[in-house]
Amino acid sequence: MMTDVMEQSGGPTRPEAEQPVPNGTEPAVSAPPAVDNAGPVEARTGTEEPTASARIVQIRERIDEIDNAMIALWQERAALSQEVGATRMASGGTRLVLSRERKILERFRVALGADGTQLALLLLRAGRGPL
């Protein structure tokens with residue numbers, strides 16, 4: 001998925017690798033920017049204490065794994081929800097089933113509180129689009 005970036009002039013711009021190339025020449029391929037992990041440990045973890053810093057790095061690695069899994073699940077859920085809606089509409093059904101959406105909102109609210117309701121609303125919108 002590509003997102004356009006707005007220049008200060010207000011016009012969309014594309015990343016360098018996707019810019020049109022004059023006279024049909026091949027664009028130069030540049031390496032992605034390097035991540036600076038060589039800085040002081042404190043700058044990366046917020047502490048100079050080696051044991052705490054090592055633990056923070058481990059925890060962050062797990063957080064990154066969880067984030068990746070959540071992204072993949074989000075995308076799968078949205079695709080499945082879109083398929084349900086398309087199938088329902090193709091068979092003459094309604095665009096939405098509000099009772100189903102209410103059950104999802106309630107399940108997330110009970111499990112996660114007010115933030116759960118907000119998360120459920122985002123999930124529903126990802127699958128069906130805005131109302």
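1. Let's start where helix 2 meets helix 4. From helix 2, Trp74, Arg77, Ala78, Ser81 and Gln82 touch Leu119, Leu122, Leu123, Leu124, Ala126, Gly127 and Arg128 of helix 4; contact here means heavy atoms within 4.5 Å. Sorted by class, the residues of this contact are 7 nonpolar, 3 polar and 2 charged. (Nonpolar covers Ala, Val, Leu, Ile, Met, Phe, Trp, Tyr, Cys and Pro; charged covers Asp, Glu, Lys and Arg; the others, Gly among them, are polar.)

2. Keep in mind that this is a predicted model, with local features needing pLDDT of at least 70 and side-chain atom pairs counting only at pLDDT 80 or more, while totals for chains, interfaces and linings use all residues. Residues are numbered from 1 along each chain as its sequence is written, and side-chain values use heavy atoms, leaving out hydrogens and water.

3. Now the geometry. Helix 2 (residues 50–90) and helix 4 (residues 114–128) pack at about 55°, their axes 7 Å apart. That makes helix 2 oblique to helix 4. (Under 35 degrees is roughly parallel, over 145 roughly antiparallel, 65 to 115 roughly perpendicular, and the rest oblique. Axes are lines fitted to C-alpha atoms, for helices over the stretch in contact, and angles run from 0 to 180 degrees between N-to-C directions.)

4. Helix 3 packs on helix 4 too, at an angle of about 145° and with the axes 7 Å apart. By class, the helix 3 and helix 4 contact has 10 nonpolar, 2 polar and 4 charged residues.

5. Is Arg128 buried or exposed? Arginine 128 is buried, at a relative accessible area of 19%. (Buried is under 20%, exposed over 50%, partly exposed in between, using a 1.4 Å probe and protein chains only.) Leaving aside residues up to four places away in sequence, Arginine 128 touches Ser81, Arg95, Leu96 and Glu101.

6. Stepping back, the chain has 4 helices and 2 strands, in the order β-β-α-α-α-α. (Helices, H or I with at least four residues, and strands, E with at least two, are DSSP runs numbered from the N terminus.) Of the 131 residues, 12% count as buried.

7. A word on confidence. The average pLDDT of the chain is 79, and 67% of the residues score at least 70; pLDDT is the predictor's confidence in each residue, from 0 to 100. Over residues 1–31, pLDDT stays under 50. Where pLDDT is low, the predicted coordinates should not be read in detail.
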